[in-house]
Amino acid sequence: MHAPLPAKPLPVYLQVAELLARQIKAGYWHSGERLPTEAELAQTLSVAVGTLRKSLALLEAQGVLERIQGSGTYVRQIHHSQQIYELFRLELMEGPGLPTAHILDVTLQQAPIDLLGKDQQSAPCWRVRRMRFLNQKPAALEEIWFSARHCLDLDVQDLGDSMYLFYQQRLNIWIARVEDQISVAAAPSWSVPPIGLLANQSAGYIERLSWTANNEIAEFSKTWFDPQVCRYTSRMSQ
């Protein structure tokens, strides 16, 4: 296993849009509330005003924000958002944080039972191991499995911060629903710095199965997260 290699980052305007959407989802701003001015937001997020405006325009197009000429930018009620990290449940203790990733290992292997079922264990499957960061803080280790039938060739440089965006753009696969099982487990033997989880140390643990709209299993993943750094959060609204 090589040293962590930063995944291909999202464009800055998309990073900002995702972070703002996660903050809105976390209740930093409520429906109908006015956001700070563009100048204030740009300074807080350390980005150019032009970049911020592109982010706000994207969120407006997605129905997350409403921009009123001469008045400001307001939060709209979010019923069905289209955010890249909509299904990402880990958050820093002090707030959501922007997810990024470093790739540790990409290999072609026999599919695990959890992904394809007992009758298809011989099917080839990609296994991706990576380290997750939130606002540049190492927070979790991930082991992700998905079928290789849609992608016979894969390189580390092909993978970006968001696996779901990779599925959509490269494999034409859209995740429609997920099922998470949360518990405590020992951190894996392949844990490496800079994450604070040592091999076999107790960690928060998530097993996830993801399905397409056609009810086909698209992904199986295991996540070990550092409870001193982040937590699992799920929010529901009516």
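Colleague: Which residues on the other side of H2 are exposed?

Modeller: The model is a predicted one, and helix H2 covers residues 38-45. Its buried residues are Leu41, Ala42 and Leu45. Seen down the axis of H2, these fall within an arc of 100 degrees, so they line one face of the helix. On the other side of H2, the exposed residues are Ala39, Gln43 and Thr44.

Colleague: Against which helices do the buried residues of H2 pack?

Modeller: An α-helix has 3.6 residues a turn, so residues three or four places apart point the same way. In H2 the buried residues are Leu41, Ala42 and Leu45. Their packing partners are helix H1 (12-25) and H3.

Colleague: Are H2 and H3 roughly parallel or roughly perpendicular?

Modeller: The axes of H2 and H3 are 9 Å apart, and the packing angle is about 105 degrees. An angle from 65 to 115 degrees counts as roughly perpendicular. The contact involves Glu38, Leu41, Ala42 and Leu45 of H2, together with Val49, Leu52, Arg53 and Leu56 of H3. The angle therefore makes H2, relative to H3, roughly perpendicular.

Colleague: How do H1 and H3 pack, and is the crossing left-handed or right-handed?

Modeller: The axes of H1 and H3 are 8 Å apart and meet at an angle of about 55 degrees. That angle makes H1 oblique to H3. On the H1 side the contact includes Val16 and Leu20, and on the H3 side it includes Leu52 and Leu56. The crossing in which H1 passes H3 is right-handed.

Colleague: Is Leu52 buried or exposed?

Modeller: Leu52 lies in helix H3, which spans residues 49-61. Apart from its neighbours within four places in sequence, Leu52 is in contact with Val16, Leu20, Glu38, Leu41, Ala42, Leu45 and Val47. Its relative accessible area is 0%, and the limit for a buried residue is under 20%. Leu52 is therefore buried.

Colleague: What distance separates the C-alpha atoms of Leu52 and Glu219?

Modeller: Leu52 belongs to H3. Along the chain, Leu52 and Glu219 are 167 residues apart. The separation of their C-alpha atoms is 33 Å.

Colleague: Which residue is 152 residues from Lys8 in sequence, with a C-alpha to C-alpha distance of 4.2 Å?

Modeller: Lys8 is found in the loop between strand S1 (5-6) and H1. With a relative accessible area of 49%, Lys8 is partly exposed. Beyond four places in sequence, Lys8 touches Gln157, Asp158, Leu159, Gly160 and Asp161. The residue at 4.2 Å, C-alpha to C-alpha, is Gly160.

Colleague: Which side chain forms a polar contact of 3.3 Å with that of Arg132?

Modeller: Arg132 is in strand S6 (residues 124-134). It is buried, with a relative accessible area of 4%. Among the residues that Arg132 touches are Tyr85, Phe88, Lys137, Glu142 and Asp161. The side chain joined to that of Arg132 by the polar contact of 3.3 Å belongs to Glu142.

Colleague: Which strands are included in what covers the buried residues of H5?

Modeller: Helix H5 spans 163-171. In H5 the buried residues are Met163, Tyr164, Leu165, Phe166, Tyr167 and Leu171. The cover over these buried residues includes S6, strand S7 (137-147), S8, S9 and S10.

Colleague: Where does Asn215 lie?

Modeller: Asn215 is a residue other than glycine with a positive phi, near 65 degrees. It is located in the loop between S9 and strand S10 (217-225).

Colleague: Which two residues does a cis peptide bond join?

Modeller: Pro194 has its place in the loop between strand S8 (175-186) and strand S9 (202-212). Omega of the cis bond is about 10 degrees. The two residues joined are Pro193 and Pro194.

Key: Residues are numbered from 1 along each chain as its sequence is written. This is a predicted model: local features need pLDDT of at least 70, side-chain atom pairs count only at pLDDT 80 or more; totals for chains, interfaces and linings use all residues. Side-chain values use heavy atoms; hydrogens and water are left out. Helices (H or I, at least four residues) and strands (E, at least two) are DSSP runs, numbered from the N terminus. Buried means under 20% relative accessible area, exposed over 50%, partly exposed in between (1.4 Å probe, protein chains only). A polar contact is a pair of N or O atoms within 3.5 Å; within protein, one must be able to donate a hydrogen and the other to accept it, and residues adjacent in sequence count only if both atoms are side-chain atoms. Contact means heavy atoms within 4.5 Å. The arc is that of the directions from the helix axis to the C-beta atoms. Axes are lines fitted to C-alpha atoms, for helices over the stretch in contact, and angles run from 0 to 180 degrees between N-to-C directions. Angles under 35 degrees count as roughly parallel, over 145 as roughly antiparallel, 65 to 115 as roughly perpendicular and the rest as oblique. A crossing is left-handed if the near helix is turned anticlockwise from the far one by less than a right angle, and right-handed if clockwise.
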